[in-house]
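Dear colleague,

Please find below the sequence and structure that I am handing over to you. My findings follow directly after it.

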Amino acid sequence: MRSKVAHGVLRAVDCTAARDVPGVVGAWSAADLPDLPPVPYTLLARLSTEEAVAGREWPALVKDRVRYPGEALAVVLGEDRYRAEDGAAEVTATIDPLPVVVTPSASLADSVRLFDGMSNVVLRGEAGKPIDPAVWEDAAAVVEATYRQQLLMPSPMECRTILAVPEGDRLTVWSGHQMPHRLRRELAALLGWSTDRIRVVVPDTGGAFGSKSAAFPEFVTVAYLAVKLGRPVRWIEDRLESMLVATRGRGQDQTVRLAADADGRLLAYELSIDADVGAYPHLGAGLPMQTAWMAAGAYTTPRVHATLRSVLTNTMVTYPYRGAGRPEAAIAIERSMDLLARRLGMDPIELRRRNFIPPDAFPYETPVGRVYDSGNYAAALDLALQTLDHDRWRAEQARRRTDPDAFPLGIGISCYVERSGGETGGLHEFGSLEVTKDGQVTARCGAASSGQGHETVFPVLVAKFLGVPETQVRLVEGDTDEQPEGLGSFASRSAQIDGALFQHLANLLIEEARTRAAGLWDLPVDQVEWTDGSVHTAHNGSALLGLGELVKHTGPLRIEDGFETGQAFPFGAHVAVTEVDPDLGLVNVLHLVTVDDCGVMLNPTVVRGQAYGSALQGIGQALYEGMQFNDDGVPHVAGGFLDYLLPTFTEVPPIEVKDTHTPSPNSPLGAKGAGESGCIGTPAAIANAVADALPAVDPDLLQMPLTPDSVLRALRASTNEEGVR
């Protein structure tokens, strides 16, 4: 039973009538479960401080104050979902409403505090050094702008799920989750158990995009009640629930300043971020640092300084969503590059080329502390422009500008750099390879696929490393009993880290096989070689054993280890062509070209699928998606996906996916992450294209999502009485 108000003092919750509903097993408020633990929190590793959370704990059920719409006031268990819903309808609550803040600017006004006596700013951070004011004064051109990165919903096909099953002194948890070992660890801590008493199993999962990597209030409640009652408890989130209380992404208010000399050489870039992190500090509180650390983009700007404030609002918590801080950085710098090009009277393509980090400068340390591993940014842009046929579209744009009946046309560019793999200290994974007597190889790792194709990619990799048929390899992941240690799948890390892990394990297995064969044949190890899944003597190969035969002669063969790589920095160039109907405000994407570089591609088909999928989500952010709130702070989602618009097949423009290949020196396979490219590169390209189509409109007025309403408002605000800006 969830709150219908966004903010208020909880006076009472009455579950009496719910308990009398036939088929209801029980109904509880927080007062009925005094031992119910709070939601565990995680802050970004390099910013983890207990100060952000102390006194702002996130309760699994509201105790005294509602802080976001849909926050759970009571839980009702029924023999089936229908009876449970009937019971929840009978729960009553008394809440005294309080004023609501749903944006950082409103929250910073300090008229409403989510926690009495405590600031709504839970974290401050910065990257780079403050810039000397003289730089701005002496620059030939300085542009300033503000950007709103709206709150988005990840919207996976499958909403959140959890089933907790007590089995003796153990608890087995089934959940669509990205980090099964983290979920096991957090649930064990909440219950006061050792981790070996909990097994987490992640079956096939219908998407995640960052939204399924935590222990949520519902998860805490389900596990607690399963143990309390000694019976299975299941919660499956429905779509309306998900739209109301699942995690949000993005949510930043940004102020930028960018300076250049008369030749278009960048001098300084300043980025200030006020980030909406929702009602409680969680991983989202530190997430804006990912934006700060990537503020420099693809350019050799000598001075870059980013500051941030993580601000509480009366909304569901902000959490990593595909791209996780990097789209926000790319949008800010790329939109600002177009503004600067306009101010200088320079082609935006030439401005970018003039300031790209050159290929021979890598590894390159940016002023905000990132060390880029490798890149050839100009090559990606050149391929994107060639694929688009840029000159043809510029000619068409010029023609339309002389035709009063033609829709205005614009071309937008976005050159991005992102980070894959995770942060230092989390760039490792654990796994094993096990061989049975029939020669079958079982590959295990700590990842947990939510649709990325691990079942396709990893067995093929292992088979290639060992030189055995693909049908001989089986992948097991997403089960903490099968694989005791692991980190999970997030931050575009699977190919880069898990792929390298399997190469490492294969090398260890080969060495162990050679050692065993040497002992079996009474030979020095250097006289035993490995070829195509078999050991044999080095000279004439007269002695030869396959993996299965080796196990039969020498016993079980299992290799377990962990492996760590360095950070990688994928990059790319996206170019969009849009036209705008000035009477309707409708934006139509005529052509989108994405060129992404993820180093060495382990499976081109999977990479291509990731590029398409993330580009569609990037289009969603640019044109359609965004949380809208009623006057009382409740999200306007009663109509489901009729109120929160996702791009459908009808809105998919012609998309050409291309790639360049610049291997990463930080991973043995040379692979970089590929899963988030479109969310990072596409939005700014489309926004820049719309601004290019409407040169008379103040770019500050063109804020995403560029819906017909927002475009029309921008057009009207930029027109005076005579119809001329």
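Strand β1 (residues 8-14) runs antiparallel to strand β5 (residues 92-97), and 6 bridges join the two. Within this pairing, Leu10 has Ile95 of β5 as its bridge partner. Please note that the model is a predicted one. Strand β1 also pairs in the antiparallel sense with strand β3 (residues 65-66), over 2 bridges. There, Val9 stands opposite Arg65 of β3.

In soluble globular proteins, nonpolar side chains tend to be buried together. The largest nonpolar core here comprises 78 residues, and the members that touch the most others are Tyr269, Tyr372 and Tyr377. Helix α10 (residues 326-344) supplies the largest share of this core, with 7 residues. As for Tyr269, residues up to four places away in sequence being left aside, its contacts include Ile131, Trp136, Val256, Leu258, Ala295, Val304, Ala332 and Ile333. Arg257, Thr301, Arg303 and His305 are also among the residues that Tyr269 touches.

Finally, I would draw your attention to Glu429, which lies in strand β18 (residues 428-435). Is Glu429 buried or exposed? Glu429 counts as buried because its relative accessibility is 0%. Its side chain makes a polar contact of 3.2 Å with the side chain of Arg493. The side chain of Glu429 also reaches the backbone nitrogen of Gly488, at 3.2 Å.

With kind regards

Terms used
Residues numbered from 1 in each chain as written. Predicted model: local features only at pLDDT ≥ 70, side-chain atom pairs only at ≥ 80, totals over all residues. Heavy atoms only, no water. Core = buried A, V, L, I, M, F, W, Y, C linked by side-chain atoms within 4.5 Å. Buried < 20%, exposed > 50% of the residue type's maximum accessible area, 1.4 Å probe, protein only. Helix = DSSP H or I, 4+ residues; strand = E, 2+ residues; numbered from the N terminus. Contact = heavy atoms within 4.5 Å. Pairing = 2+ DSSP bridges. Polar contact = N/O pair within 3.5 Å; in protein donor to acceptor, adjacent residues only side chain to side chain.
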